[in-house]
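Dear colleague,

Please find below the structure that I am handing over to you. My notes on it follow directly after.

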Amino acid sequence: MRNTTVGGQAVIEGVMMRGLKGIATAVRNPEGDIVVNHDHSVPLSQKYKILRWPLIRGAVALIDSMKIGIKSLNWSASIFGEDEEPSKFDKFLKDRFGEKGEKIIETITMIFSLSLSILLFFVVPTLITGLLRSYDLPHLGLNAIEAVIRLSIFLGYLYGISKMKDIYRVFQYHGAEHKAIICYENELELTVENARSCTRFHERCGTNFMFLVMAVSIIVFSFTGWTNPLMRIVTRILLLPLISGITYEILRWLGKTKGPVQRIVAYPGMMLQRLTTKEPLDDMLEVSIRALKEAEGLV
């Protein structure tokens with residue numbers, strides 16, 4: 001079994017892989033050719049030693065992953081939208097700030113995505129549960145109701161997007177990403193045939209991370225009281241870096257060791273991957289393998 005931390009993300013008609021030799025995004029363009037983009041961005045954790053400390057590195061890794069993911073998505077989208085006119089806002093930023101304009105757009109996108117996630121999965125459940133405080137329910141009961149609402153929104157969101165036609169292809173590439181990585185970890189030759197035989201479920205998947213964030217937040221939030229709604233929301237937002245840090249350490253543990261306890265912890269997230277990954281086509285596996293080889297310096 002090869003010990004590796006290579007990981008990735010599905011993009012538009014392709015896959016981004018992050019390996020020993022940097023970040024590589026491979027996409028099949030409209031002409032049917034595989035085109036590759038290399039990104040040699042240095043993660044924040046590599047710039048400052050303190051950001052590699054346990055618990056801290058989880059929040060840092062989340063920010064890094066979002067930055068890289070958005071950048072890779074934008075590049076993959078550009079392959080299929082080269083003739084499209086940029087929006088007036090994008091044009092203004094690029095005219096005003098030059099090359100920095102693109103980074104500003106990526107930062108705004110990341111902040112918007114993160115804010116929307118916090119609003120949907122943390123603020124809304126808290127506000128809904130807060131409406132029940134007048135019934136004099138115990139704190140434990142309110143926390144349990146909030147947890148059910150949060151998980152329901154999360155599962156409903158995953159189920160809803162999994163039924164969208166365009167997202168289905170992205171989820172196929174997500175499956176291709178996992179199959180290529182598992183093929184590589186099992187020290188098999190990186191071929192379409194070998195990758196096809198591998199499972200599309202992986203312990204270090206972002207889906208597992210999202211579910212574990214939900215689970216860890218339930219435990220952490222249970223130690224906070226029910227004060228006024230504003231303080232409750234602020235407390236939850238302030239605790240998110242700690243929650244992501246704990247979740248990251250659990251995910252690393254799942255990726256390094258195998259056993260009955262690990263399988264139990266990973267099981268819910270692995271089952272959710274039935275929604276977020278789909279069986280890929282052979283040409284998708286070919287793209288994923290190319291991205292992995294480029295990221296690991298195997299070509």
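Predicted model: local features only at pLDDT ≥ 70, side-chain atom pairs only at ≥ 80, totals over all residues.

The largest nonpolar core has 28 residues. Those with the most contacts inside it are Phe121, Phe122, Phe154, Val220, Phe221 and Ile243. At least two residues of this core come from each of H4, helix H5 (139-162), helix H8 (206-221), helix H9 (229-256) and helix H10 (260-276). H8 gives the most, with 8 residues. As general background, nonpolar side chains tend to be buried together in soluble globular proteins.

On the surface, Lys47, Lys67, Lys100 and Lys103 form a patch of positive charge. Lys100 belongs to helix H4 (residues 100-130). This lysine has a relative accessible area of 62%, which is over 50%, and Lys100 therefore counts as exposed.

There is also a nonpolar surface patch of about 410 Å², to which Tyr48, Ile50, Trp53 and Ile56 contribute. Within this group, Ile50 sits in the loop between helix H1 (44-47) and helix H2 (56-79). Ile50 is partly exposed, because its relative accessibility is 44%, between the limits of 20% and 50%.

For Glu187 the angle is about 60 degrees; Glu187 is located in the loop between helix H6 (165-185) and helix H7 (192-196) and is partly exposed, at 48% relative accessibility.

Yours sincerely

Definitions and conventions:
Residues numbered from 1 in each chain as written. Heavy atoms only, no water. Patch = residues over 30% accessible without salt bridge, like charges linked within 9 Å, V, L, I, M, F, W, Y side chains within 5 Å. Areas by Shrake-Rupley, 256 points an atom, 1.4 Å probe, with all protein chains shown as cover. Salt bridge = Lys/Arg side-chain N within 4 Å of Asp/Glu carboxyl O. Lys, Arg positive; Asp, Glu negative; His and termini not counted. Charge placed at Lys NZ, Arg CZ, Asp CG, Glu CD. Helix = DSSP H or I, 4+ residues; strand = E, 2+ residues; numbered from the N terminus. Buried < 20%, exposed > 50% of the residue type's maximum accessible area, 1.4 Å probe, protein only. Core = buried A, V, L, I, M, F, W, Y, C linked by side-chain atoms within 4.5 Å.
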